[in-house]
Amino acid sequence: MSRPLSGAQTLLQGLGATLLDKLAAFGRGFLLMLSLVVAMPAAVLRVDLLFKQVYVTGVLSLPIILTAGLFVGMVLSLQGYNILVDFNAEEAVGSMTALSLLRELGPVVGALLFAGRAGSAMTAEIGLMRSTEQISALEMMAIDPIKFVYAPRFLAAIITLPLLIIMFNALGVFGGYLVSVSWLGVDAGAFWSQMTSQVDWNEDVVNGMIKSVVFAVLVAIIALFQGVNAIPTSEGVSSATTRTVVHSSLGILGFDFILTSIMFN
Amino acid sequence: MEQAETLIEIKNLTFSRGERKIFDDITLSIPKGKVTAIMGPSGSGKTTLLKLIAGQLKPDSGDVFIEGLHVHGLSRKKIYQLRRKMGMLFQSGALLTDLNVFDNVAFPLREHTKLPEEIIYALVLMKLQAVGLRGAKTLMPSELSGGMSRRVALARGIALDPEMIFYDEPFVGQDPITKGVLVKLIQTLNDSLGLTSVLVSHDVDEVLEIADYICVISEGKLIAEGSKEVLLQESTGYVHQFLNGLPDGPVPFHFSKAPYSEDLKYG
């Protein structure tokens, strides 16, 4: 037996062990992503499975995305109007709302809501499928769960999140119109013409869409990883679901900063 | 007992989870066309053994051969091919919860064959008839009792006419009637379809009723194997205690403890 370790040594040991664990988890996550990419052609061909997942992740997320989009747009233009009116520039409220939504708030808030609504459901479902041995049963029936369960969900997230974010933005702009034009009396012509002249297709719309695809990959991979690695008990599944929401939210915000600094600098 | 052909051969298998050694150098062979039972107390890793045989888990050392194929040396594709010859009944049934009974049984047929829907329909009804649940074909898994789920899972397990079928604790938590039904089903399916059945269980009465060959595992070791007549002849030792359900014996009734006099001193 070696001699007992000092406090500092145990601390160092614990730190090292945690670091190794995290590195191993990153490795497993990367391998999962690779196997998902390899399984993509199979997922595209299984239209029935893909449609179901597009419905579950996309269509069922619509109510929350649309409502949130409307309110975010309304609040944005209300705040914007109150500031801009002091400079007699309240016509700019349309372009300000649209730019904020397209560049930042649409992708970020949409993805955060998506993580809470669809990501958590994905983790919980896969965790429970594991704890009720459904995944093992698939393997025993010679059906690859990566192709049958994980890949369709991954692809569905990549398809639906950008579409959801487009709708979020559209409803946001409509909410901004309601508040500034219908309520606060900004001229409708100025509202739209300022918006169309300020918003650039590549700079704003395409960049926002690129962000939303990146966030979709991020949320889906975190949700699947947490589901696959959840401890198959009720406690394990619940903490995995929590981790999905926390990790993807932080991931979205972090990646948003990186992407913004690349795109708009 | 005449020497039957061996289907599954396990050689010097060792497997551990963390620090705990679950199997320590186990060697056994499972004869073709028979019902073989693997018995042992709860937590002795019986389910793990099935997963090792089916290639879902990798052993630390040792080999598993099925029909002469080295399971853990096979590619992923080959393992999946091999699994088409296997059926497995999980403890919980493990039905896909978003499909009804009919679709659950049809699932492996639809995934692995290109049969027209009418033939699948006929096949599924036949399989459901065999387990006595043709009338339940439209029910969802949540509407089934535990015993019924297992029977549906059994119908699904035999949908592709496997050569071998594994039962993971089929009798646990079932009422006497369901147990009787399952015993009859396992027996009939084995004989009529010419299957090789491997059963892990600790329900002594049911196992003794159907098993042709019994292996007893305890603390990671294979401690006895043979036909039930051979095992029942043992009058001492662990096998005797296990098969007769005696409270005291090689596995003591009392958890390891200090002498009474010591403990009482501080009372």
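Predicted model: local features only at pLDDT ≥ 70, side-chain atom pairs only at ≥ 80, totals over all residues.
Colleague: How are two packed helices described?

Modeller: By the angle between their axes and the distance between the axes. In this structure, α9(A) and helix α10 (residues 234–263) of chain A pack at an angle of about 155 degrees, and their axes lie 9 Å apart. Angles over 145 degrees count as roughly antiparallel, so α9(A) is roughly antiparallel to α10(A).

Colleague: Which residues of α9(A) and α10(A) make the contact?

Modeller: On α9(A) they include A:Ile210, A:Val214, A:Leu218 and A:Ile222. On α10(A), A:His247, A:Gly251, A:Phe255 and A:Leu259 are among them. By class, the contact of α9(A) with α10(A) has 12 nonpolar, seven polar and three charged residues.

Colleague: At what angle do α5(A) and α10(A) pack?

Modeller: The angle is about 155 degrees and the axes are 9 Å apart. α5(A) and α10(A) are therefore roughly antiparallel to each other. Their crossing is right-handed, and α9(A) also passes α10(A) in a right-handed crossing.

Colleague: Which residues meet there?

Modeller: From α5(A), the residues include A:Ala111, A:Ala115, A:Gly116, A:Gly119 and A:Gly127. They meet residues of α10(A), including A:Thr244, A:Ser248, A:Ile252 and A:Asp256. This contact divides into 11 nonpolar, 10 polar and two charged residues.

Colleague: What shows where empty space is left?

Modeller: Rolling a probe the size of a water molecule over the atoms shows it. In this model the largest pocket holds about 1,300 Å³ of space. It is lined by 41 residues, and those closest to its centre are A:Arg130, A:Ser136, A:Glu139, B:Gln56 and B:Leu57.

Colleague: Which elements supply at least two residues of the lining of the largest pocket?

Modeller: In chain A they are α1 (7–38), α5 (93–131), α6 (134–140), α7 (145–183) and α9 (201–229). In chain B they are β2 (20–31), α1 (46–53) and α2 (76–83). The lining has 14 nonpolar, 15 polar and 12 charged residues.

Colleague: How many cavities of 30 Å³ or more does the structure hold?

Modeller: One. The volume of the largest cavity is about 140 Å³. Of its 15 lining residues, A:Met141, B:Met86, B:Gly87, B:Arg156 and B:Gly157 are the closest to its centre. Two or more lining residues come from each of α6 of chain A and, in chain B, β6 (86–89) and α5 (146–157).

Colleague: How do the residues of the lining of the largest cavity divide?

Modeller: Into 10 nonpolar, two polar and three charged.

Notes. Residues numbered from 1 in each chain as written. Chains lettered and ligands numbered in written order. Heavy atoms only, no water. 1 Å grid on protein atoms, 1.4 Å probe; cavity = no way out; pocket = protein on both sides within 12 Å on 5 of 7 lines; lining within 4 Å. Points joined across faces, edges and corners; volume = space filled by probe spheres on them. Helix = DSSP H or I, 4+ residues; strand = E, 2+ residues; numbered from the N terminus. Nonpolar A, V, L, I, M, F, W, Y, C, P; charged D, E, K, R; others polar. Axes fitted to C-alpha atoms, helices over the stretch in contact; angles between N-to-C directions. Parallel < 35°, antiparallel > 145°, perpendicular 65-115°, else oblique. Left-handed = near helix turned anticlockwise from the far one by under 90°. Contact = heavy atoms within 4.5 Å.
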